[in-house]
Amino acid sequence: GLLETIKYYYFNWSCRWASLSYFYLWFGHVSSFRGLRFMIFSYSGFSISALIYLVFRLLPAGVKAGIPVLSSALSRLSISILFCASLFFFMFQTSEVFFWVIASLNQLQPILFGCLFLFMVTKTNNRGLDYIFILLSGLYIGGSSELFALLVFSLILFLLLFQVSRNKLIDFIKTIPGKKILVGFSALTLSMAIALTAPGTHKRKAYENLYAEKILIQGLDITAS
């Protein structure tokens, strides 16, 4: 079950609870190799299509901000496809499809949810559903990739501190983008705190450090010989 899976990894290996939940959503019910191949195809197609769409919708915001990006629809679509294809297929190895799926859940899906978060913040019209997407994005980023979560956390924290230095933090939070960023930042912080303080995460880090040390010692021995 989903809850027992998260509980196991929380205590024993890694509390990337959001990516574990997303993995279970796609593959938890698969019981055959044929079904696994179909779900990998569906998962990959959905992920790539969603990322292309989000990047395509984000590029006009860059144009409005003065970033020199080609503004025609065809150019935006081409840039989106090239960007997303580079992200996904530079990591793809046909001999290790399952490991590619795991890597995409932990490393590439946070980028997708980061694009969703940014799109919800920059879009002009405002709806209550936007805050739900922002909440989910913050939770997923914080509960999947520690490094990417720390990067996004640092960028938002820097933005908030910059507003504090200008004595405009309250005014910024009262704006719609400010409210959305605050919701996403709160969700990200909570999710990341759960992931980083989990006993299993510390066990994984200790194992990785020990494994890296063994490889280093082995490499030095080979070099010396």
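This section describes the fold, the surface, the pockets and selected residues of the structure shown above.

The structure is a predicted model, in which local features require pLDDT of at least 70 and side-chain atom pairs count only at pLDDT 80 or more, while totals for chains, interfaces and linings use all residues. Residues are numbered from 1 along each chain as its sequence is written, and side-chain values use heavy atoms, with hydrogens and water left out.

The secondary structure of the protein consists of 10 helices and 0 strands; helices (H or I, at least four residues) and strands (E, at least two) are DSSP runs, numbered from the N terminus. Read from the N terminus, the order of elements is accordingly α-α-α-α-α-α-α-α-α-α. Of the 225 residues of the protein, 35% are buried, where buried denotes under 20% relative accessible area, exposed over 50%, and partly exposed the range in between (1.4 Å probe, protein chains only). The protein exposes about 13600 Å², and carbon and sulfur atoms supply 71% of this area. Accessible areas were computed by the Shrake-Rupley method with a 1.4 Å probe, and for residues only the protein chains shown count as cover. Contacts, defined as heavy atoms within 4.5 Å, were also examined by sequence separation. Among those between residues at least 6 apart in sequence, 69% join residues at least 24 apart.

Pockets were identified on a 1 Å grid over the protein atoms alone: a pocket is an open set of points with protein on both sides within 12 Å along at least five of seven lines, in contrast to a cavity, where a 1.4 Å probe fits but cannot get out, and lining residues have an atom within 4 Å of a point. Grid points are joined across faces, edges and corners, and the volume is the space filled by probe spheres set on the points. The largest pocket has a volume of about 450 Å³. Its lining comprises 18 residues, of which Tyr9, Trp13, Leu20, Ile102 and Asn106 are the closest to the centre. At least two lining residues come from each of helix H1 (2-12), helix H2 (17-27), helix H5 (97-122) and helix H10 (199-224), and H5 gives the most, with 7 residues. The lining of this pocket contains 10 nonpolar, 5 polar and 3 charged residues. In this classification, Ala, Val, Leu, Ile, Met, Phe, Trp, Tyr, Cys and Pro count as nonpolar, Asp, Glu, Lys and Arg as charged, and the others, Gly among them, as polar.

The second largest pocket holds about 380 Å³ of space. It is lined by 13 residues, with Gly114, Phe117, Leu118, Val152 and Leu155 nearest its centre. The elements giving two or more residues to this lining are H5 and helix H7 (146-165). By class, the lining of the second largest pocket has 12 nonpolar residues, 1 polar residue and no charged residues.

The structure holds 0 disulfides, a disulfide being a pair of cysteine sulfur atoms within 2.5 Å. Cys15 is buried, at 2% relative accessibility, and Cys115 is likewise buried, at 11%.

Two residues of helix H7 were examined individually. Glu146 lies in this helix and counts as buried because its relative accessibility is 9%. When residues up to four places away in sequence are set aside, Glu146 touches Ser14, Arg16, Leu196, Thr201 and Arg204. Ala149 is also found in helix H7, and its relative accessibility of 0% places it in the buried class. The C-alpha atoms of Ala149 and Leu188 are separated by 7.4 Å, although the two residues are 39 residues apart along the chain.

Asn167 is placed in the loop between H7 and H8. Its relative accessibility is 70%, and Asn167 therefore counts as exposed. The phi angle of Asn167 is near 60 degrees, a positive value in a residue other than glycine. Most residues other than glycine have a negative phi. Leu169 is found in helix H8 (residues 169-174) and is partly exposed, with a relative accessible area of 25%. Beyond residues up to four places away in sequence, Leu169 touches Leu160, Gln163 and Val164. A distance of 9.6 Å separates the C-alpha atoms of Leu169 and Leu159, which are 10 residues apart along the chain.
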